[in-house]
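This report walks through one protein model for a reader who is new to structures. Please keep the sequence and the 3D view open while reading.

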Amino acid sequence: MKHLIVLGVTLCSLYGMSLDESIKYALKHNNTLKQAELSVERSKKQREMKQSQNFGRVDVSASYDHYNNSRTLAPLTPMAIVGSPDGAYQIPTTKDMFSVGVAYNVVLFNGFAQQNSYKISDLQYRSSAIKSKLGREELIYNVRNLYLSLLALEEQLKAQKLYTDSESRLLERIEKEKKEGVKSKLDVLRAQNALESSKAQESSLEANIAIIKANLSAMFGDKEFDTTQAISINIDAKSEVDSTDIHTLERYRAAAFSVEVSKRKEQQAKAAYYPVIDFGAYYGQNFGPNDTTNIVPLTSTAPRAGQTLINEGDFHSEDIWQLGVHLKWNIFDFGAKLAAYEAAKIEYLESALRRDSVAIDLRKNARIAQNKIKLARAEYSSRKSQYELLSETQKIEQIRYDNNALTLTDLLVTQAKKMLAKAQMINAKYDYQKALYYLEYLYEKGEKK
């Protein structure tokens with residue numbers, strides 16, 4: 001039966017997700033990453049919208065107006081009215097006018113505000129693409145960090161269970177020796193206390209494992225995380241991460257883009273001091289029913305005196321077209337332009353300081369990560385040496401305890417110290433690998449691995 005259980009555990013572990021598989025799954029299903037990708041697409045469409053504005057716009061218009069008195073279908077000069085033999089009697093009028101037309105309008109000059117607007121949208125699109133890439137790097141690091149924490153806790157839990165079994169056997173032995181009159185009730189209580197403490201530590205480790213699995217499941221788009229697979233960590237080899245020029249990193253480039261965006265906004269604010277010139281063109285038709293019947297009076301000297309020229313209700317139309325260049329220049333607004341320009345200048349200075357702060361933080365964090373690698377390597381070496389010493393010490397003290405040359409308290413203290421050194425050694429091993437992964441994250445090399 002015992003062999004069947006071991007085989008079952010082995011088969012289950014075969015279906016656990018490796019670290020690389022976990023990263024690939026998270027990159028494909030993480031909701032935050034999907035939102036970042038959608039943000040990139042949105043920024044791309046906004047850039048296309050800004051670019052299209054440089055070519056102007058074409059509008060189709062239609063309208064209907066009812067007037068209290070008759071209107072001509074097109075504006076007329078006095079000479080157009082009286083210049084023909086039949087004069088005004090040939091001109092249709094209406095109180096119900098319909099208009100249909102096509103208009104085109106484009107800005108010719110506005111202080112380069114429109115060009116800067118497009119450039120800003122382009123920079124924001126490129127910045128959103130960088131942020132999406134950085135989001136992938138951050139997700140990779142977070143999965144790695146949690147996965148290593150999970151491996152560390154599982155390894156500690158395995159060691160803790162062995163320690164619990166050892167304490168349980170020791171308690172059984174002491175209880176038996178108490179019945180024989182060799183050990184006291186106080187020894188039994190001490191052994192029981194050591195056993196319960198070990199069980200409590202097991203429960204704590206199991207709870208922390210469940211919490212980390214829940215966090216990993218959230219990164220996987222709410223897919224329940226399965227079992228882990230062990231990874232190889234070689235601390236003896238001085239594996240380091242190649243350094244990278246801070247100014248080539250995407251984090252710095254994103255901050256530099258923000259500076260350029262602020263500069264463009266400053267130029268955009270300055271554009272308010274210039275005039276706006278636009279070009280417009282329109283072609284359409286006005287039409288409507290004639291409001292009265294037009295009859296040339298008999299007293300008229302016109303050749304068609306007494307004839308009906310236009311009947312009431314007859315529909316007529318006139319072509320309407322126009323071309324125009326328009327200028328608008330705001331020369332005074334009580335300081336609004338100046339305030340907007342000064343605010344944009346301040347934003348530019350702030351963004352430059354943020355860019356410099358990013359570079360400073362990157363250098364600082366890289367130095368911290370490099371020193372954490374060295375510290376974890378030294379910590380592992382120290383804890384390993386301490387664990388080996390305590391293992392040998394425990395063997396000797398067990399023999400002394402069996403020969404009544406050592407108290408139970410001293411034996412339990414040594415066992416507890418050994419277990420603590422084991423846990424610290426495990427933590428140091430995974431902290432070393434975490435520090436390596438963190439440096440890769442800072443240098444944006446996580447996805448390249």
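Glu206 belongs to helix H6, which spans residues 185–219; helices here are DSSP runs of H or I with at least four residues, strands are runs of E with at least two, and both are numbered from the N terminus. With a relative accessible area of 39%, Glu206 is partly exposed, a class that lies between buried (under 20% relative accessible area) and exposed (over 50%), computed with a 1.4 Å probe on protein chains only. Glu206 and Tyr438 are 232 residues apart in sequence, and their C-alpha atoms are 26 Å apart in space.

The model is predicted, so local features need pLDDT of at least 70 and side-chain atom pairs count only at pLDDT 80 or more, while totals for chains, interfaces and linings use all residues. Residues are numbered from 1 along each chain as its sequence is written, and side-chain values use heavy atoms, with hydrogens and water left out.

## Distances along the chain and in space

Arg190 also lies in helix H6, and at 32% relative accessibility Arg190 counts as partly exposed. Between Arg190 and Val102 there are 88 residues in sequence and 96 Å in space, taken from C-alpha to C-alpha.

Ile23 has its place in helix H2, residues 19–29, and is buried, with a relative accessible area of 10%. Ile23 and Asp431 are 408 residues apart along the chain, and 19 Å separates their C-alpha atoms.

## How the helices pack

Helix H3 (residues 31–53) and helix H5 (residues 113–179) have axes that come within 9 Å and cross at roughly 165°; the axes are lines fitted to C-alpha atoms, for helices over the stretch in contact, and the angles run from 0 to 180 degrees between N-to-C directions. That angle makes H3 roughly antiparallel to H5, since angles over 145 degrees count as roughly antiparallel, those under 35 as roughly parallel, those from 65 to 115 as roughly perpendicular and the rest as oblique. Where H3 meets H5, the contact residues divide into seven nonpolar, twelve polar and six charged; Ala, Val, Leu, Ile, Met, Phe, Trp, Tyr, Cys and Pro count as nonpolar, Asp, Glu, Lys and Arg as charged, and the others, Gly among them, as polar.

H5 and H6 pack with their axes 8 Å apart, at an angle of about 160°, and are therefore roughly antiparallel to each other. H5 passes H6 in a left-handed crossing, and the residues of this contact divide into 18 nonpolar, eleven polar and eleven charged.

## Aromatic rings and charges

How many aromatic pairs does the count come to? Rings of Phe, Tyr and Trp (its six-membered ring) pair if their centres lie within 6.5 Å, and planes under 30 degrees apart count as stacked, over 60 as edge-to-face and the rest as tilted; by this rule the count comes to eleven aromatic pairs. One of them joins Phe109 and Tyr274 edge-to-face, at 6.1 Å centre to centre and with 90° between the planes. Because Phe109 lies in strand E2 (residues 93–109) and Tyr274 in the loop between helix H7 (250–270) and strand E3 (276–289), this pair ties together parts that are 165 residues apart in sequence. Phe109 is partly exposed at 26% relative accessibility, and Tyr274 is partly exposed at 40%.

Phe220 and Phe225 form a tilted pair, 5.8 Å centre to centre with 40° between the planes; Phe220 is buried at 1% relative accessibility, and Phe225 is buried at 5%. Ring pairs link Phe220 and Phe225 with Tyr25 and Tyr147 into a cluster. Elsewhere, the charged end of Lys337 sits over the ring of Tyr273, 5.6 Å from its centre, where "over" asks that NZ of Lys or CZ of Arg is within 6 Å of the ring centre and within 35 degrees of the ring normal. Arg251 lies over the face of Tyr441, at 4.4 Å from the ring centre.

## Two positive phi angles

Most residues other than glycine have a negative phi. Asp222, in the loop between H6 and H7, has a positive phi near 75° and counts as exposed at 67% relative accessibility. Glu444 has a positive phi of about 60° although it is not a glycine; Glu444 lies in the segment after helix H9 (408–442) and counts as buried at 5% relative accessibility.

Key. A crossing is left-handed if the near helix is turned anticlockwise from the far one by less than a right angle, and right-handed if clockwise.
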